Amino acid sequence: MPIKISPLDNLPANKKAVVVALLSSDNERRRNLDLGIVPGTNIKMLFESPNKNPKAYLIRGTVLALRNEDANKILIKANRDDS
Amino acid sequence: MTLREGDIFLTMMKNKLSKIINLCYKSSKSSSASKNAPQKTVAFAGNPNVGKSSIFNRLTGLKQHTGNWPGKTVANARGEFYYKNKKFTLVDLPGTYSLLASSVEEGIARDFICFGNSDVVVIIVDSTCLERNLNLVLQIKEVAANTVICVNILDEAKRKGIHIDLDELAAQIDAPVVGTSASTGEGIKKLIEKIHDVSFDAQKYNKIKINYPDYIEDAIKRLKPLVEQSAKGKIDPRWLSLKLLDLESDKSLHHSLNTYLGFDILTNKNIANELHKIKNHLMSLGINEENLKDKVVSSIIKKAETIYNKCVKLDKEDYNSRDRKLDQILTSKLTGIPIMIALLFFIFWLTMVGANYPSELIANGLFYIQDQLTILFNNAGAPSWLHGILVLGIYRTAAWVVSVMLPPMAIFFPLFTILEDLGYLPRVAFNLDNYFRKANAHGKQALTMCMGFGCNACGVIGCRIIDSPRERLIATITNNFVPCNGRFPTLIAIITMFFSGLVAKEYTPLFSTILLTMTILIGIFATFLVSKILSKTILKGIHSSFTLELPPYRKPQIGKVIVRSIFDRTLFVLGRAVLVSAPAGFMIWLISNLKIGDLSILHYCTNFLDPFARLFGLDGVILMAFILGFPANEIVLPIIIMSYLCTGNLTDISSLDGLKVLLISHGWTYTTAICTMLFSLMHFPCGTTLLTIKKETNSAKWTFISFLIPTITGFVVCFALNLIINIVLFLR
């Protein structure tokens with residue numbers, strides 16, 4: 001089965017995934033890297049804000065809010081241990 | 001300068017109002033210090049919101065503002081302590097996630113750690129999210145051998161079943177590790193010992209070496225001897241070699257490096273040649289600067305992950321489940337925003353209900369003293385002008401400021417601080433971000449607005465937490481739409497006088513609170529609207545990326561909060577207000593008693609302004625009060641009262657009822673009251689705020705625009721409202 005790659009903002013609540021690639025550049029990319037978002041990082045979608053944008057994700061033990069536009073530039077694949 | 005309110009006010013008071021205090025302060029400092037004691041400089045670094053300021057305060061005895069949200073410290077604060085007869089100067093750096101500087105505050109932290117020549121770097125980490133914190137630890141440890149790792153908030157980690165093997169961590173990082181709980185003071189003594197030991201016994205610890213991919217290691221190997229020759233031991237050669245690989249694109253680091261070295265290292269021919277060759281080689285491997293940077297960061301993060309897995313054991317995987325449950329309530333679609341407004345409402349309600357009675361009590365007390373003073377002056381045979389200036393001018397204005405301001409502030413500040421300590425404010429930013437995004441502004445603007453409730457000058461400094469200059473300017477210009485503590489009591493007083501009587505007595509507090517909440521919401525709405533207009537006009541652009549950490553909830557230390565907010569904030573703000581009100585009272589008395597012909601100067605001024613002010617539902621006195629209140633908004637209402645008193649004979653003004661009679665006798669209507677409230681909400685920022693804006697933006701143009709925009713908004717809104725009300729009244 002081919003591995004399905006999708007943008008992070010499509011990840012449903014309480015689902016886990018692994019970062020595959022970052023599409024952002026410059027400062028935004030650096031900011032992502034600083035927060036530990038690199039290929040291989042596990043991410044779990046936690047909850048949405050009242051307007052569904054931004055959403056909160058669990059990244060390396062920290063809860064981070066990302067806007068959907070920004071999460072869209074982070075590509076993920078489904079986590080294998082996630083059933 | 002720091003973001004902390006207490007500190008800012010301290011600075012303001014020192015600069016502006018009391019040089020004497022400054023002198024005493026300095027002399028006591030130098031006398032208590034033994035001048036020849038050995039001195040060490042200690043840098044305090046860490047991620048945002050790890051309790052760095054709490055530890056800093058514990059060590060130095062300073063009272064900097066703390067709170068549970070990222071970004072409170074945005075510049076270096078200094079303090080000192082003595083241990084074993086040695087002096088340690090502490091520098092509290094802004095919280096940063098890394099040293100790869102993508103923002104101003106990160107640049108400040110990086111420069112100090114890399115080029116500040118500190119003897120020790122203390123890295124504070126949050127034990128409840130150690131993994132992310134380790135990224136910064138490793139980056140610092142790459143350049144600084146002498147570090148002490150302070151694993152903070154250990155009590156919280158224990159409660160959550162997070163077990164950290166501190167010895168293993170120390171071995172992994174090659175630095176002493178101390179576990180602390182800043183809230184209880186646990187571990188602080190040991191931390192001091194370790195800072196001392198590392199400072200005076202420096203050879204024991206090494207820098208950490210992170211293993212980068214081979215092509216990066218090769219590049220470092222080739223550059224290192226050249227760098228050693230050129231930088232002559234001023235900077236770690238391995239670190240600098242690594243940085244050289246992308247120095248051209250890192251303007252901020254390049255600039256700092258040039259300043260530190262005294263020359264541009266990229267102009268060194270050997271280095272430039274080698275660098276050129278390396279880059280060509282990397283290009284041939286298909287590696288550009290971006291890949292390179294990614295690899296560097298990934299290597300550090302992977303190392304952090306490895307260390308984390310070795311040192312940390314969790315009792316259960318979802319140790320934050322309680323937080324998630326709270327988040328579900330506080331940020332959900334159904335309840336998020338209603339709870340936010342309800343909380344705001346509840347705080348206002350407590351403030352209004354609680355402030356009412358003490359306000360009257362204080363006023364009675366202070367005006368009793370005024371009567372006694374008058375008797376004293378009369379008995380002493382003092383001339384009436386002296387009594388006028390001192391008692392009727394200075395004392396009376398100051399008394400008004402105290403009685404109107406003290407009770408609401410003493411209630412509002414602690415309540416707000418509790419929310420801040422709890423970690424609720426970032427959730428507010430999370431809930432509201434969508435509106436800021438639609439206005440093409442930044443979600444963290446909500447945090448700067450929260451600071452604005454305390455003081456707009458602080459709110460403006462707080463705008464530094466927003467990276468994008470465009471969005472920072474928007475937040476700066478619109479910050480004034482949040483009423484600061486100087487305007488807040490004015491709003492409460494007007495509402496209490498004019499509107500609370502409109503409903504049956506038992507509903508009065510509820511009704512007043514609704515009105516106050518609505519007023520604040522109008523201000524928030526104006527913020528969104530003006531932000532949007534700015535984004536479409538003079539600050540054209542679309543929103544930048546947005547990341548906001550939602551920190552774990554922490555139990556607020558209620559007792560400490562109350563003491564801290566009353567003594568550090570309330571009394572400070574009040575002291576400033578009283579100091580400003582004294583000269584204002586003097587001036588008002590003077591111009592209302594100096595007569596040209598039959599009329600006082602005050603009369604001439606207010607008569608001159610009156611026709612213009614009437615267009616906006618105000619009157620000459622009110623407008624003049626706002627103009628005279630430019631140094632501090634606290635004195636606007638007292639000036640209005642003073643001006644009316646100088647022209648009338650009413651004496652019973654010790655209660656708000658008496659005040660209302662005074663205002664009505666000078667032609668106040670509901671329209672006047674509403675327009676005064678709206679104008680108070682939307683007019684030029686006070687002098688301190690404007691000075692701060694000038695300092696922060698470094699631009700006269702943006703300072704002027706920050707002056708103009710809220711003022712125009714206020715005039716437009718008041719004009720429109722006044723016109724509508726008049727038309728409706730006319731048609732009726």
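## A tour of chains A and B

Select helix 15 (336–379) and helix 22 (508–536) of chain B: each of these helices supplies at least two residues of a nonpolar surface patch. Helices (H or I, at least four residues) and strands (E, at least two) are DSSP runs, numbered from the N terminus.

This is a predicted model, in which local features need pLDDT of at least 70 and side-chain atom pairs count only at pLDDT 80 or more, while totals for chains, interfaces and linings use all residues. Residues are numbered from 1 along each chain as its sequence is written, chains are lettered from A and ligands numbered from 1 in the order in which they are written, and side-chain values use heavy atoms, with hydrogens and water left out.

**Stop 1: the nonpolar patch**

Show the side chains of B:F346, B:W349, B:V353, B:Y507, B:L510, B:I514 and B:M518, which make a patch of about 640 Å². Patches are made of residues with over 30% relative accessible area and no salt bridge; like charges are joined within 9 Å and nonpolar side chains (Val, Leu, Ile, Met, Phe, Trp, Tyr) within 5 Å. Accessible areas come from the Shrake-Rupley method with a 1.4 Å probe, and for residues only the protein chains shown count as cover.

B:Y507 counts as partly exposed because its relative accessibility is 49%. Buried means under 20% relative accessible area, exposed over 50%, and partly exposed in between (1.4 Å probe, protein chains only).

**Stop 2: where chain A meets chain B**

Color the two chains separately. The contact (heavy atoms within 4.5 Å) takes 34 residues from chain A and 48 residues from chain B. The two chains bury about 3600 Å² between them, 51% of it on carbon and sulfur atoms. Select A:P50, A:R60 and A:R67: these supply 21% of the area that chain A buries against chain B, more than any other three residues. Buried area here is the accessible area (1.4 Å probe) that two parts lose on being put together, summed over both.

Seven salt bridges link chain A and chain B; a salt bridge is a side-chain nitrogen of Lys or Arg within 4 Å of a carboxyl oxygen of Asp or Glu. One pair to display is B:R437 with A:E69, whose closest N and O atoms are 3.0 Å apart. Which element of chain A gives the largest share of the side that touches chain B? Helix 1 of chain A does, with nine residues.

**Stop 3: helix 1 of chain A**

Stay on helix 1 of chain A, where seven of the nine residues are buried. The buried ones are A:E28, A:R29, A:R30, A:R31, A:N32, A:L33 and A:D34. A:R31 also joins B:E106 and B:D467 in a network of salt bridges. Step just past the helix to A:G36, which takes a positive phi of about 85°.

**Stop 4**

Pick B:E471 in helix 20 (residues 469–478) of chain B. B:E471 counts as buried because its relative accessibility is 0%. Leaving out residues up to four places away in sequence, B:E471 touches B:N440, B:A441, B:H442, B:I466, B:I542, B:H543 and B:S544.

Then move to B:L257 in helix 11 (residues 251–261) of chain B. At 1% relative accessibility, B:L257 is buried too. Its contacts beyond four places in sequence are B:F115, B:I235, B:L240, B:L247, B:G262, B:F263 and B:I265.

**Stop 4: salt bridges within a chain**

Over all chains, the structure holds 28 salt bridges. In chain A, display A:K52 and A:E48, whose side chains meet at 3.4 Å, N to O. A:K52 is partly exposed at 43% relative accessible area, and A:E48 is partly exposed at 29%.

In chain B, display B:E274 and B:K277, which form a salt bridge at 3.8 Å, N to O. The two are three residues apart in helix 12 (residues 269–284) of chain B, so about one helical turn separates B:E274 and B:K277. B:E274 is buried at 14% relative accessibility, whereas B:K277 is partly exposed at 47%.

Finish on B:K279 and B:E289, a salt bridge with its closest N and O atoms 3.7 Å apart. B:K279 lies in helix 12 and B:E289 in helix 13 (residues 289–311) of chain B, so this pair ties together parts that are 10 residues apart in sequence.
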